[in-house]
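Dear colleague,

Please find below the structure that I am passing on to you. A summary of the findings follows it.

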Amino acid sequence: MAENSFDVTVIGAGPGGYVAAIRASQLGLKTALVEKRETLGGTCLNIGCIPSKALLHSTEIYEFLREKGADHGIKTGSLKIDVGALMKKKDAVVENLVKGVATLVSKKGVTVFQGAARIKDANTVEVDGPDKATLETRNIVIATGSRVSELPSLKIDGKTVVTSDDAIAFDKTPGKLVVVGGGAIGLELGAVWSRLGSEVTVLEFLPRIAAGFDTDISRMLERILKKRGMNFVTGAKVTGAETRKGKVTVTAEHNGDQKTYEADKVLVAVGRRPCTEGLGLEDAGVELDDRKRVKTDNHFRTSVKNIYAIGDVIAGPMLAHKAEEEGVAVAEILAGKPGHVNYDVIPNVIYTDPEVASAGLGEDHAKEKEIKVNVGKFPLSANGRALAMDATEGLVKVIACAETDRLLGVQILGRNASEFISGAVAHMEYGGSAEDLARTVHAHPTISETLKEAALAVDKRAIHSL
Ligand code: NAI
């Protein structure tokens, strides 16, 4: 094969794209990966999941020591936060990881081109940037991800009206922060700055925050976060903002009235939209759907033969792990194997404290779909490890089919939820029942025992609750 001739050219090196490239190379396909950013890893590693988790971790320790340290016999004197050092630590985590991905990708035999890709036709990709080149390719995988959605009435200026890209890098704690949107980004970054001392108000359009989760779970989360000092206004539709002398006044419709909220900074976190511009999709004949996502069939094929798409740029939840699985699946399909993603059990997590995690069918959705379910619940307050860790707030719910006992879904509000949701996901992946989960030995003492107890509660036989 000529030097710039490839079996697969992947456009975009986020968790979808770089994973697709690694898997394609593992399967013996000559693979190119084109990325316009200087570093690999996409939004997730550079300005999304990873830096926000670094900030959440540091600030969680700070909040714990401040609020509960003395109860644990930890005397800290006057506890101080150095925002500059906090940011430096977060940047070091990101730098470490993006370097690791670059090493990984090159050691796996993938050729990386830095520059903006444009699809000339189904077999040609032009790269414009430091690695200017014309690539001949048998297949193309579009993995260009998503970017922050803006509200037409709220002009982002990157200083006072900002997106998550800016809110992971403020140089000092804003006095008052208004967050527009009570979804994953709004709650996580709202929590970070609230822990650091901002007066945070979340304005959410829907009647409740974290609306993707069951109502009882999201209401409990709201109560807990309120206790920690965050303010929430639900049913508030933000309609505009005016900046004057570095301060912002946000306007929202609430119960038929116009209300205003003063802030030093406004974080707009109302969702993300697919990145499809500048790729030459229209000229190449790649069709988009009504939400401007690349249209694909269930084998990730677009409307043009040999052009595929995965991740945030296509339909489905905008989650890094969904993109990664699609990356593996598309590479396997390209290598003639049966690549597949099980969309029924994709975990969804918000990394507040406590964390919220779900997978499969929620109780609310089961009701909407008129599916008869048995639900087992178990509170974290009845768990020994949670008590020892001062993490007793929260609840685990196991949702099982009333007829067959098949495990249909799990919802967790609790410390470490993001980690032990995987146990439930594995059971669901293999078609397990609530009984299977209830009979699985969980290490003691762990918070994950609450999952086993909730599974036992499906059959009203939890051991450690009344
Ligand atoms: P989101 O879709 O999760 O939440 C946006 C919220 O903004 C919704 O609740 C919506 O009702 C509200 N909203 C929309 N317009 C509004 C208005 N005019 N006034 C008030 N509220 C309004 O979007 P978010 O948090 O921006 O996240 C974007 C994407 O990134 C999501 O798909 C999310 O799942 C993903 N993500 C996932 C994370 C994780 O897995 N932990 C972390 C961060 C993002």
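**Ligand and domains**

A nitrogen atom of the ligand lies 3.0 Å from a polar backbone atom of Val238. Please note that this is a predicted model. At Ile185, a polar backbone atom is found 2.9 Å from an oxygen atom of the ligand.

How much of the ligand does the protein bury? Taken alone, the ligand exposes 850 Å², and 79% of that is buried by the protein. Helix H6 (184-195), strand S10 (199-204) and strand S12 (236-244) are the elements that each contribute two or more residues to the shell around the ligand.

In total, 23 residues surround the ligand, and the closest of them are Ile185, Glu188, Glu204, Gly271 and Val349. By residue class, the shell around the ligand comprises 15 nonpolar, four polar and four charged residues.

As to the overall arrangement, the domain assignment divides the protein chain into three parts: domain 1 (5-147 + 273-341), domain 2 (161-270) and domain 3 (345-458). The centres of domain 1 and domain 2, taken over C-alpha atoms, are 27 Å apart. Domain 1 supplies 17 residues to the contact between these two domains, and domain 2 supplies 15 residues. The area buried between domain 1 and domain 2 amounts to about 1,400 Å², with carbon and sulfur atoms giving 62% of it.

Yours sincerely

Technical notes:
Residues are numbered from 1 along each chain as its sequence is written. This is a predicted model: local features need pLDDT of at least 70, side-chain atom pairs count only at pLDDT 80 or more; totals for chains, interfaces and linings use all residues. Side-chain values use heavy atoms; hydrogens and water are left out. A residue is near a molecule or strand if one of its heavy atoms lies within 4 Å of it. A polar contact is a pair of N or O atoms within 3.5 Å; within protein, one must be able to donate a hydrogen and the other to accept it, and residues adjacent in sequence count only if both atoms are side-chain atoms. Accessible areas come from the Shrake-Rupley method with a 1.4 Å probe; for residues, only the protein chains shown count as cover. Helices (H or I, at least four residues) and strands (E, at least two) are DSSP runs, numbered from the N terminus. Ala, Val, Leu, Ile, Met, Phe, Trp, Tyr, Cys and Pro count as nonpolar, Asp, Glu, Lys and Arg as charged, and the others, Gly among them, as polar. Domain bounds come from an automatic or database domain assignment. Contact means heavy atoms within 4.5 Å. Buried area is the accessible area (1.4 Å probe) that two parts lose on being put together, summed over both.
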